[in-house]
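Take a look at the model below. We will walk through it one site at a time.

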Amino acid sequence: MTALTTRLPRMVKPAALHTLLLYAASFTVALTLAGALVTLTGHSMSETVYALYQGSLEGGGSIGLSIDEATPLLLVALGAIVCARAGIFNIGQEGQLLIGALVGAAVGLYLPGPSWMVMVASLLGAALGGALWAGIPAVMYYWRGVNVVIGTLLMVFVAAQLAMYVVTQEHLLQEDGEAGARSPQSNLLSEGVMLPRVGEYPDLNMTSGVFVVLAVTVAIVLLLRYSTWGFRLRMLGHNPAAARRSGVRAAVLGGGALLISGAFAGMAGGIMLSGTVGRFQPGMADNVGWEGLLVALVARNHPVAAIPVALFFGGLRAGGGFLASTGVPRYLVSVVTALLVMAAVFPAAYAELSRLRKRNKPAVVEG
Amino acid sequence: MFAAIGEWIAERAGTLNISVEAMMLGGAFTAVTGAVATGSPEFGLLCGIVTGLVVALIHANLSHRLSVNTYVVGLTLNVLVLGLTSYLADKTEFFQVAKVAIPWLSDLPIIGSALFDVRWTTYLLIALIPLAWWLVQRSRWGLEARAAGENPQSADVTGIHVNKRRRQALLICGLLGGLAGAHLAVAEVGTFNTNMTAGRGYIVLAAVIFGGWTLRGALAGCLLFGAADALRLALPALGYELNAQLLIASPYLLALAAMFFLAKSHRGPAALGAPFVRGIT
Amino acid sequence: GGGSDPQNSKLTGANAKGQPDVNGDGKVVIGVLSIGDTHDKGFFQSFVDDANTIARSNGWEVRTIDNLKASDAKNQALNLCRQRVDLIAIGSGDLGSALDAAPEPTCKDANWYLNGGAGQIKQTKYFNQSLDSVNQTLYTAGYAAGLELKELNATKVGFITGPEEDYAKQAVKAFTKGAQAVVPNAEIISAYTGSFDDAAVNIASFDAMKEKGIKVVYPYLGGATDAVTKKANEAKIPALSSGTDRCQDTTVKYEISVVFAPGAFFAAALQRFQKGDLKMGEATRYVIGKDPVPSVKFCKPVADQAEKITELMKSIGGETFDVDKAVDG
Amino acid sequence: MSTRPSTDSGDTATAGTAATAAPAPAVELTGITKRFGTVVACDDVHLSVQRGEIHGLLGQNGAGKSTLMKILTGLVHPDSGRIAIDGGEVSISDPLVAAGLGISMVHQHFSLIGRMRVWENVTLGERGHIDRGSARRLVTEVGDRYGLAVDPDRAVEDLTTGERQRVELIKCLRRDPDLLILDEPTSVLTLKESHELFSVLRRVTKEENKTVILISHKLDEILHATDQVTIMRSGAVVARRPTADTDVRELAREMVGREVSRLTAGSAVGALDALVEDTEAAEKEQEKDEEREVRLRITDAHATGRDRRPLLRGLSLEVRAGEILGLAGVEGNGQAALGDLLSSLLELDKGTVEVCGKTVRPGRPGAMHAAGVGVVPEDRHISGCVLDMSLAENLAMADLGEVARGSFVSPRRLRSRAEKLISEFGIAAPGPDIQMRRLSGGNQQKVVLARELAADPKVLVVAQPTRGLDVGAIEYMTERIQKAAESGIAVLLISTELEEILTLAHRVAVIHRGAIVGEMTRAEVDVERLGMMMGGQAA
Ligand SMILES: Nc1ncnc2c1ncn2[C@@H]1O[C@H](COP(=O)(O)OP(=O)(O)OP(=O)(O)O)[C@@H](O)[C@H]1O
Ligand SMILES: Nc1ncnc2c1ncn2[C@@H]1O[C@H](COP(=O)(O)OP(=O)(O)OP(=O)(O)O)[C@@H](O)[C@H]1O
Ligand SMILES: [Mg+2]
Ligand SMILES: [Mg+2]
C-alpha cells in the first residue's frame with residue numbers, strides 16, 4: 001500500500017501501456033480458451049478459423065451477410081447506449097426486438113397502400129412496438145419504482161409467449177394454409193414491402209437496412225454529443241439528483257431513453273423482418289437482443305466504437321453459419337462472444353480497481 | 001427451489017444475481033456428465049454443485065472484487081454457459097447413455113404413501129429450508145450479509161467485509177443453483193438436453209421478487225409458479241382448455257404484477273444491485 | 001429478397017450440369033437442415049443416418065445443421081448455398097421457410113429436397129418433396145393404441161406433444177379418431193407442452209396424465225421422447241414410438257413402433273439424386289400400407305393385434321378406406 | 001450549532017484531571033502521516049490521551065480529525081507512524097483489531113442499518129454466535145446503566161435522531177471499550193440531548209475510568225465537556241493543553257491559525273458571545289425592511305415523504321428583497337424538505353409557494369428555477385453538481401438556454417461563458433474543461449454559487465453554504481452572500497450552524513418539526529431563546 005502510494009506519480013505514463021498489455025493479455029486468454037475448447041473436442045483449430053473466415057469475410061456474399069447480421073446488433077447497441085447514458089440499464093432488448101418484429105409484420109401484412117409506404121410504416125410500427133414493450137417497465141419504474149432491470153428482463157419472457165400466441169391464432173398472424181398444416185409463423189411479406197437489397201451476387205449483397213442504421217448512428221452520435229437533450233441525458237446518467245435539481249424531468253427524459261432504446265430494438269426486429277427473414281417467427285430474435293447489449297458493453301457505451309464491435313460480432317454470427325462444414329457446433333460462436341465480452345470488461349475493471357487501491361478515493365455512489 | 005433459496009441469500013446480501021440460470025444449467029450439464037462418467041448420480045450431484053460454485057466464483061470476483069456491473073457479468077455468464085453446454089452436449093453425445101447409466105436415486109418409500117416416495121434430494125431440500133433461514137436471519141454471518149445488502153457503507157465502518165460477504169452469499173447461491181440444476185437433471189429427469197433449464201433461473205428470480213425478499217415468500221412463489229406450470233400440463237388431463245402461452249408467461253406476469261402492486265410495501269434490500277466501493281464517508 | 005430476375009434460367013442452369021454434382025465444382029456436398037436434434041435416436045436422427053450411409057459409400061460430404069430454429073432456417077440455408085452445396089435437404093415441414101432462400105441468387109446452383117410439409121408448403125419448381133400423410137399415420141397409431149386399450153380393458157390414453165401447432169392438433173385429431181375406432185368411448189388426454197425437447201416439462205405432463213389414470217401413452221416428441229418413455233416404463237404404461245422402429249431397443253421399451261421417420265424417403269431421394277433423376281418441382285407420396293414406410297407395428301403383438309393393424313393399413317393403402325374422411329369428417 | 005452551555009464552564013474546568021504523571025497514556029500516536037493523493041490529511045501527528053479523561057480534538061473542517069480517528073479504528077491505514085495503546089505498540093489493520101483493543105467509535109455519520117432492529121444493529125460487527133435474548137437484554141442493561149433507554153426490538157429507521165445516537169452509543173458501550181471515540185456527536189442533537197450525552201460521557205470516565213476522545217468544532221462544547229484538548233490544523237497538531245487553562249478566544253485563534261475579522265471568526269469557530277454583541281449593524285438594516293417587496297412567500301406548506309412521514313407541517317415564511325433570512329434549526333427538522341421544495345423536487349399536499357407575487361406550482365421540474373429561485377444545496381456533491389462532467393458544463397447546467405443554439409449546445413458559448421464566470425467568481429481551476437471532480441471542495445462550492453447567481457435569481461436559497469469549507473472559502477462565501485443581498489436578491493439561508501446565521505442574517509426564523517416555531521429580527525436575537533426553540537421548547 002505504502003509502496004503503491006509513493007510510486008503513484010511515476011506510474012502515470014506506463015499506465016497506458018500497462019492497460020494496453022492487459023487488454024492484449026485478456027483477449028489472448030479468451031481466444032486461447034476458445035481454441036482449447038475446439039481442440040479438446042477433437043476439431044481442427046485451423047479449419048474452424050478458416051470456416052469462420054469463409055463465412056464472414058470471404059467474398060461479397062459473406063461480407064454482406066456479416067453486415068446484415070451486424071445491422072440489428074448495432075441498432076440494439078445504440079439503444080442500450082442511449083439508455084446507459086441516462087443511467088438506466090435496459091436488458092429487455094430481446095423481447096423488445098421480437099415485439100417490434102411482430103408489430104412490423106402485422107403492419108406489413110395488413111396495411112393497405114403502396115408498398116413503399118407499407119414498408120416504411122412497417123419499420124415505424126416495429127419501432128413503436130419495441131418502444132411500447134419498453135414502455136411497460138418504464139411506467140412501472142417511474143410510477144411504482146419497480147427495478148428496470150428486472151422489469152425489462154421479465155418482459156422478455158412475456159414477449160416470447162405473446163409471439164408464440166399470435167402465430168398460433170388463425171385470426172391473428174398465423175400463416176394461411178390448410179388447417180392442420182400451418183407452421184407457427186406469419187405469411188411471407190410481399191416483395192415490395194421488403195427492404196430493397198443492395199448489390200447483386202456475387203458482389204457485396206446486403207440489405208439496405210444498414211444505411212438506415214448508419215444514419216441513426218450518426219444522428220445519435222451528434223445528438224448525444226451536442227444537443228441539449230444529450231447534455232441533459234448525461235447529467236441524468238451521472239447524477240440524477242443534480243439533474244433533477246436543474247429542472248430535468250427524470251421520468252420524461254429517463255423514460256424517454258428507455259422508450260428510445262426499446263424503439264431501436266424494435267426497429268432492429270423490423271429490419272430483420274423486412275431485410276432478411278421475410279416473415280414473423282416467434283424464434284426470430286435469436287439472441288440478437290442479448291448480443292446487441294453485449295456490443296454496447298464491449299464498446300463501453302461509445303456509439304462510434306459500437307460500429308466495429310457490431311461488425312465483429314456480426315461477422316462471428318455469419319461465420320458461425322459455416323461451422324457446419326467442420327462439424328464444430330454453432331454454439332462455439334456464443335461461447336466466443338461471451339469470452340470476448342469478459343475479456344473486454346476485465347482490464348477496465350482491473351485498472352479501476354488498482355486505481356482505487358492506489359488512491360483509496362471513491363467514486364460517489366452514495367444512495 | 002434450491003435455486004430460490006440461493007438466490008434469496010444472494011439478494012439479501014445485495015447481489016441481484018441473474019446468473020442463477022447459468023448456475024443451474026451448468027450444474028445440470030456437469031451432473032449428467034459426472035454421473036455418466038462414474039455411474040454414480042451422487043457424484044453427478046457433486047459435479048453440479050462444483051460447477052455452480054465455479055460460475056459463482058467468476059461472478060463474485062468480477063462483480064464484488066473488480067466491481068464490474070453485476071448484470072453485465074450475469075448476462076455474459078448466461079450466454080457463456082448456454083453456449084458451452086450446448087456445444088459440448090451436441091458433440092460428445094453422452095446424454096444418450098445418460099438415462100441408462102443413471103439408476104434412480106435411492107427411493108425411500110414409506111409404505112402406502114406415494115407422497116413420501118421421493119428422491120432423497122427432496123429431503124435435502126426440506127432440510128435446507130430451515131437451515132438457510134437460520135443462516136440468514138439468525139446467524140452472525142447472515143446478519144452481516146444482510147447489513148451488506150442494506151447499507152454497505154454502514155456495514156463497512158462497523159468492520160464487516162462487505163464484498164467478502166457478498167461473494168460468500170453468491171457462492172452459496174452458486175452451490176445451491178448448481179445443486180438445483182443437478183437435481184433437475186439427475187433426480188427429476190435423468191438426462192441432459194440443450195438449454196435444459198429453459199429459463200427456470202429467471203423464474204427463480206421472479207419468485208424471489210414475488211415473495212418480497214422473504215424466504216417464505218420466495219418459496220411460496222416457487223410453489224405458485226410450479227403450480228401454474230403443473231396446472232398448464234394438468235389442465236388438458238382434466239379436460240380444460242386454457243391458453244398454454246398465457247400459462248407459460250404467468251410466472252413472469254405474476255412477478256411483474258407483484259412488483260407493481262407491492263412495490264411500496266415490499267421493499268427489496270436497499271443496496272440491491274449497487275456495487276460497493278470502499279472509502280465513501 | 002430482391003431476387004427478381006427470371007428464375008427459369010437458374011433451374012436450367014443447375015440441371016445443365018446435372019446431378020449429383022449440380023454446381024459442377026467437382027465435389028458432391030449434401031447440406032441437411034434439421035429442426036430437431038440429430039442424435040435423438042428417433043425421427044431426426046433417422047433422417048441423417050441413412051443419408052450419411054449413402055453419402056459415405058459414394059464419397060460425398062454431408063453438412064448437418066441441427067437444432068435449428070425455424071426463424072434461422074432461411075439464413076442457414078443461404079449459408080449452405082454459399083458453401084456451394086449441391087443438394088439442400090430439409091428434414092421437416094417446420095423448416096419450410098428455408099425454401100424462402102431458394103429463389104435467391106446465392107442459391108441458384110443448388111437443388112432442394114423437402115421431407116413432409118403436406119398441405120403446408122406449396123410445391124414450387126425449386127424443390128423435390130416427399131410426402132406422407134399425418135392422418136394416415138396417426139390414425140393408424142391411434143388405432144393401435146385403441147387395440148392396446150382394448151387388451152388392457154381401459155379407456156384412457158395420453159398424447160403428449162410439444163408446441164400447439166397446427167399439425168400437432170391435426171395429429172391429435174387423427175390419433176383420437178383412430179383410437180375411438182376401436183374403443184368408441186376411448187378418452188384421449190392430450191397435452192401441448194410447448195417443447196419437444198424439454199424433458200422436465202414433458203415428464204411433468206406425463207405425471208399429470210398418469211394421475212388421471214392413462215393406460216397407454218404416446219410421447220409424440222423429439223429429444224424428450226425417451227425420457228418420457230423411461231418414466232412410462234417405470235409406471236408400466238405401454239408407449240408408442242415417435243418415428244422409428246424401436247422394438248429392438250433395450251434401454252427404453254416401446255410396445256408399439258410408429259414408423260414415419262423420413263430416413264427411408266430421403267434415402268430413396270438420394271438414390272435418385274445419384275442417378276440424376278431427382279426432379280425439382282415434383283413430389284413423391286408415401287402411403288401407409290403401400291410403401292414400407294410409414295407403418296405401425298406391435299413389438300409383441302397379442303391376440304389379433306398384428307392382424308388388425310395390418311388389415312387397417314392395407315385398407316388405407318388400397319384406398320378402400322378413406323382416412324381423411326374418417327378424421328376430418 | 002445547537003449547544004450553548006447554559007452555565008459557565010466553571011464546573012467542567014475543575015473536573016479536568018489534567019496530565020498527572022500517569023505511567024503510560026491510554027493512547028499514544030506518534031508521527032502519523034496519511035496522504036490522500038495530493039492531500040495530506042494527517043501530517044506527522046502526535047497525540048497522547050490519558051486514561052480516564054475526556055480528550056477534545058478540535059479543528060476546522062478537513063483538519064484531519066476524522067482521518068486520524070479512522071486510523072485509530074483501523075478503517076484507514078496510515079502511510080507512516082506508530083500507535084501505542086497503554087504503552088504497547090500495536091498495528092491496527094481493521095476495525096475488528098481495534099475492537100479487540102477496546103477501541104470503539106461513534107462515527108460522524110450514522111453507521112446504523114435502518115431496516116434492522118436495534119438489537120441487531122448493536123450486535124453487528126462482533127464475532128461469534130448470536131443470542132437474541134441476551135442481545136436484547138444487553139441493550140436494556142446498557143441502556144439502564146447509562147441512562148440511554150431504547151426499545152431493542154424497534155427498527156432503527158423508526159427512531160428519532162436522538163434515539164439513533166443512543167443506539168450508536170449503546171453499540172459502543174456494550175463492548176465495554178477502554179477508549180470511546182465520538183466524531184461530532186452533537187451535530188444532530190438538541191441542546192438537551194447534548195447535555196445528556198455529556199453527562200453520560202462524564203460518568204463513563206469518572207466511574208469506569210474509560211477514556212473518551214470527543215471531536216468537535218464547537219468551542220463551547222469543548223470547553224464544557226473536555227479535560228484536555230488537542231487542536232489540529234490542516235493535518236497537523238498545532239496545540240494541546242488542559243481545557244481549564246484555555247479560553248474561547250485562544251482556542252479559536254489556534255484552530256483558525258490567523259487573525260480573522262471578528263465576524264468571520266465568530267462564524268467559523270462558534271464563539272457566540274462575540275456575535276450576540278454585534279447587533280448595532282443589524283439594527284440599521286432593520287429599518288428599511290418593511291417597505292421592501294416580498295420575493296418569496298410560502299404559506300402553510302404541508303408535505304409528506306415517501307415513507308409517509310410528514311416532512312413539512314404547515315410551514316409559512318416570507319423573504320423580502322435585499323434581506324437575508326436565516327433559518328435556524330437542528331438538522332432533520334424539515335430543512336432538506338424546504339430545500340427540495342424550492343428546487344422543485346417536492347410536491348406539497350397543501351399550501352402555496354409564491355415568488356414575486358406569482359404562485360409557482362411546486363414539484364414541477366424546473367418551475368422554481370424558471371420563477372427565479374436559485375438554490376445552492378447543502379450536499380453539493382450529491383445534488384449540486386455533476387462530478388463527472390466538466391466545469392463549464394456544470395456552470396451551464398441549470399440554464400442551457402444561454403449556451404444553446406436551438407436544441408444544440410454551442411461549445412463556443414459554453415466555454416466563453418465558463419471563462420467569464422471563472423474569472424468573475426475567482427474559481428481556481430486550470431480551465432473550463434477540467435472535470436468537476438478534480439476541483440477542491442471550496443471551488444466546487446464556488447461553481448455552484450456562481451451558476452446560481454449567474455442566472456440572475458430573484459431569490460437565492462443557500463443551504464449550509466460553509467459546510468466543509470476552510471476559512472478562506474468561508475470568508476468568500478460570506479461576502480458573496482452579503483453582496484447578493486445588497487444587490488437586492490432575497491436570500492434564504494438555511495443552516496444548522498447558529499454562528500453562520502448570526503453572522504449573515506437580518507432576520508432569524510427557527511424551524512422545528514417541519515414548521516416555523518419562532519421568528520425574530522437580528523436585533524432581538526437571544527441565544528438562549530433560540531436554542532430552546534430549536535430544541536422544541538416554547539420560548
Ligand atoms: N479518501 C480521501 N481521499 C481524498 N481526500 C481525503 C480522503 N479522506 C479525507 N480526505 C481529505 O483529507 C482531509 C482531512 O479529512 P478528515 O475527514 O480527516 O477531516 P476532519 O478533520 O474530520 O474534518 P471534518 O471536521 O470536516 O470532519 C480533508 O481535506 C479531506 O478532503
Ligand atoms: N474519503 C474521502 N474521499 C474524498 N473526500 C473526502 C473523503 N473524506 C472526506 N472527504 C472530504 O473532506 C471534507 C471534509 O470531510 P467531512 O465529511 O469529514 O466533513 P463535514 O461532513 O463537512 O463535517 P461536518 O459534519 O462538520 O460538517 C469534505 O469536503 C469531504 O468531501
Ligand atoms: Mg466533519
Ligand atoms: Mg470528519
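In this predicted model, A:Thr337 touches A:Glu291, A:Leu294, A:Phe313 and A:Leu316, leaving aside residues up to four places away in sequence. A:Thr337 sits in helix α13 of chain A, which spans residues 332-359. Is A:Thr337 buried or exposed? Its relative accessible area is 1%, so A:Thr337 is buried. The cut-off for buried is under 20%.

Now turn to chain B. Helix α2 (residues 20-38) of chain B and helix α9 (residues 162-189) of chain B have axes that come within 7 Å. These axes cross at roughly 50°. That is why α2(B) counts as oblique to α9(B). Their crossing is right-handed. Which residues of α2(B) meet α9(B)? They are B:Met23, B:Met24, B:Gly27, B:Ala28, B:Ala31 and B:Val32. Their partners in α9(B) include B:Gly174, B:Gly177, B:Gly178 and B:Gly181. By class, this contact of α2(B) with α9(B) has 11 nonpolar, five polar and no charged residues.

Next come the aromatic rings. Over all chains, the structure holds 21 aromatic pairs. One of them joins C:Trp60 and C:Phe273 edge-to-face, at 5.9 Å centre to centre and 85° between the planes. This pair links distant parts of the chain, 213 residues apart. C:Trp60 lies in the loop between α2 and β2 of chain C, and C:Phe273 in helix α8 of chain C. Both C:Trp60 and C:Phe273 are buried.

C:Phe159 and C:Phe175 form a tilted pair, 5.1 Å centre to centre with 55° between the planes. C:Phe159 is in strand β6 of chain C, and C:Phe175 is in helix α5 of chain C. C:Phe159 has a relative accessible area of 0%, so C:Phe159 is buried. C:Phe175 is buried too, also with 0%. Ring pairs link C:Phe159 and C:Phe175 with C:Tyr218, C:Tyr220 and C:Phe260 into a cluster.

Conventions: Residues are numbered from 1 along each chain as its sequence is written. Chains are lettered from A and ligands numbered from 1 in the order in which they are written. This is a predicted model: local features need pLDDT of at least 70, side-chain atom pairs count only at pLDDT 80 or more; totals for chains, interfaces and linings use all residues. Side-chain values use heavy atoms; hydrogens and water are left out. Axes are lines fitted to C-alpha atoms, for helices over the stretch in contact, and angles run from 0 to 180 degrees between N-to-C directions. Helices (H or I, at least four residues) and strands (E, at least two) are DSSP runs, numbered from the N terminus. Angles under 35 degrees count as roughly parallel, over 145 as roughly antiparallel, 65 to 115 as roughly perpendicular and the rest as oblique. A crossing is left-handed if the near helix is turned anticlockwise from the far one by less than a right angle, and right-handed if clockwise. Contact means heavy atoms within 4.5 Å. Ala, Val, Leu, Ile, Met, Phe, Trp, Tyr, Cys and Pro count as nonpolar, Asp, Glu, Lys and Arg as charged, and the others, Gly among them, as polar. Buried means under 20% relative accessible area, exposed over 50%, partly exposed in between (1.4 Å probe, protein chains only). Rings of Phe, Tyr and Trp (its six-membered ring) pair if their centres lie within 6.5 Å; planes under 30 degrees apart count as stacked, over 60 as edge-to-face and the rest as tilted.
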